Amino acid sequence: MFESVRILLPVAVTLIAPLFIWIFRRDIYKREAVSLVAGAVTFLCVLSFAPAVLDGQIMTYKVFTIMEGISVTFAVDGLGIIFALVASFLWMFATSYNIGYMRGLNEHAQTRYYFCFAVAIFGAVGVSFAANVFTLYLFYEVITVFTYPLVAHHEDADAWSGARKYIVYLMGTSKLFLLPAMVLTYVLCGTLDMHLGDIVTGMFPPEVVAEHPTLVTVTYVLYIAGLAKAALMPFHNWLPSAMVAPTPVSALLHAVAVVKAGVFSMSRVMRLGLRREPAGQGSLSHRMAGRRADELGHHRRPTSGRLHHRRGLDHRPVQGRPKGPAGLFHGLPALLRHHRRGHAHAAGGARAASCTSPHHAFSKITLFYGRWRHLRRHAHQGASACMHGMGRRMPWTFGAFAVASLSP
């Protein structure tokens with residue numbers, strides 16, 4: 001673990017990009033170019049951290065300290081760099097789609113749209129590089145606040161209703177559960193540091209777990225309940241309701257920033273709750289992974305008797321989301337058991353499970369964009385009527401759609 005101010009580069013780029021979008025608000029070409037250039041620069045900055053991360057090192061940098069144990073600190077490790085790479089790369093991909101979407105439909109408030117979109121990516125990068133719970137919480141809320149105008153973009157009755165549910169669910173759970181969890185963590189540990197290099201002990205020292213086992217369990221449950229962006233039951237209903245947003249925003253919510261930020265944050269917290277237990281007992285994280293896996297079976301049911309591909313896509317994140325944390329953290333107990341004996345398959349399993357999120361992100365954004373292209377071409381027909389023969393009429397679109405559908 002070593003300090004490096006280079007960590008601030010991708011954070012700074014994503015922070016400055018919205019400012020330039022606003023400055024060039026009267027020049028659509030420069031305004032759109034800012035997002036493309038900022039996405040490329042951010043991706044390259046994050047990619048430059050890969051050699052150190054692959055070498056097993058963790059880069060850190062403390063920006064400032066508020067009080068003892070509470071600071072704004074960034075760190076780059078393997079899991080964080082995966083999320084940051086996905087967010088920055090898909091930002092470029094989404095911007096290229098945004099250009100055609102916003103111009104083609106002659107949408108209003110385009111500057112506001114691009115501005116909020118860029119700030120959401122800033123929040124995602126901040127979440128991915130957060131070294132402590134306080135920093136994660138700040139950027140987690142940045143995503144919530146600046147995606148609200150995106151969900152309400154159409155400014156009609158459905159948009160306001162969906163946006164209201166979106167903000168109530170996400171802000172309500174973070175204030176009711178996530179904030180108290182942070183307070184309890186600070187009271188128990190005297191710090192909000194995640195201890196990213198210590199996968200065995202995690203955030204809670206063994207003496208704290210031994211002395212306050214109930215409080216640690218309550219804190220852990222509060223963390224999970226407070227991370228509603230991960231669409232964990234029963235706080236998942238905001239996700240289908242938020243699909244009143246424009247298609248690129250729906251893709252942003254699912255594949256780039258919002259739900260991915262929730263899953264990433266949950267993965268962080270589940271690792272913090274991970275500790276070795278006596279034989280025959282599972283850790284909190286192991287039991288939570290089982291809970292997420294159970295949800296997968298609960299959600300696998302038809303959404304309607306009538307074929308409706310939009311509704312099916314809206315519910316797919318709720319179906320697929322348990323696999324990321326469940327896969328990663330069902331593998332971690334084995335990783336811990338075999339760590340000293342050098343079993344490479346255990347470490348490989350944890351690494352493979354970490355790739356579930358980016359695989360799902362690329363497939364999800366492809367599904368959403370392919371769906372919108374189809375709807376635009378057959379807007380005059382009903383959702384069911386226009387499904388017949390569309391593979392022959394749009395081979396490239398539905399070829400990509402079919403490949404993306406293979407993702408778990």
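Start by selecting E141, which lies in helix α6 (residues 133–151); helices here are DSSP runs (H or I, at least four residues), numbered from the N terminus. This is a predicted model, where local features need pLDDT of at least 70, side-chain atom pairs count only at pLDDT 80 or more, and totals for chains, interfaces and linings use all residues. Residues are numbered from 1 along each chain as its sequence is written, and side-chain values use heavy atoms, leaving out hydrogens and water.

Is E141 buried or exposed? E141 is buried, at 9% relative accessible area (buried means under 20%, exposed over 50%, partly exposed in between, with a 1.4 Å probe and protein chains only). Now show what E141 touches: M171, S174 and K175, leaving aside residues up to four places away in sequence. Contact means heavy atoms within 4.5 Å.

Next, select helix α7 (residues 157–189) and helix α9 (residues 213–226), which pack at about 145° with axes 8 Å apart. Axes are lines fitted to C-alpha atoms over the stretch in contact, and angles run from 0 to 180 degrees between N-to-C directions. Residues making this contact include S174 and F177 of α7, and L222 and Y223 of α9.

Move on to helix α5 (residues 110–128), with 19 residues. Of these, 17 are buried, so α5 is largely enclosed by the rest of the structure.

Finally, colour by pLDDT, the predictor's confidence in each residue, from 0 to 100. The protein chain averages 79, and 73% of the residues score at least 70. Over residues 290–312 the pLDDT is below 50. Where pLDDT is low, the predicted coordinates should not be read in detail.

Technical notes:
Helix = DSSP H or I, 4+ residues; strand = E, 2+ residues; numbered from the N terminus. Expected span 1.5 Å × (residues − 1).
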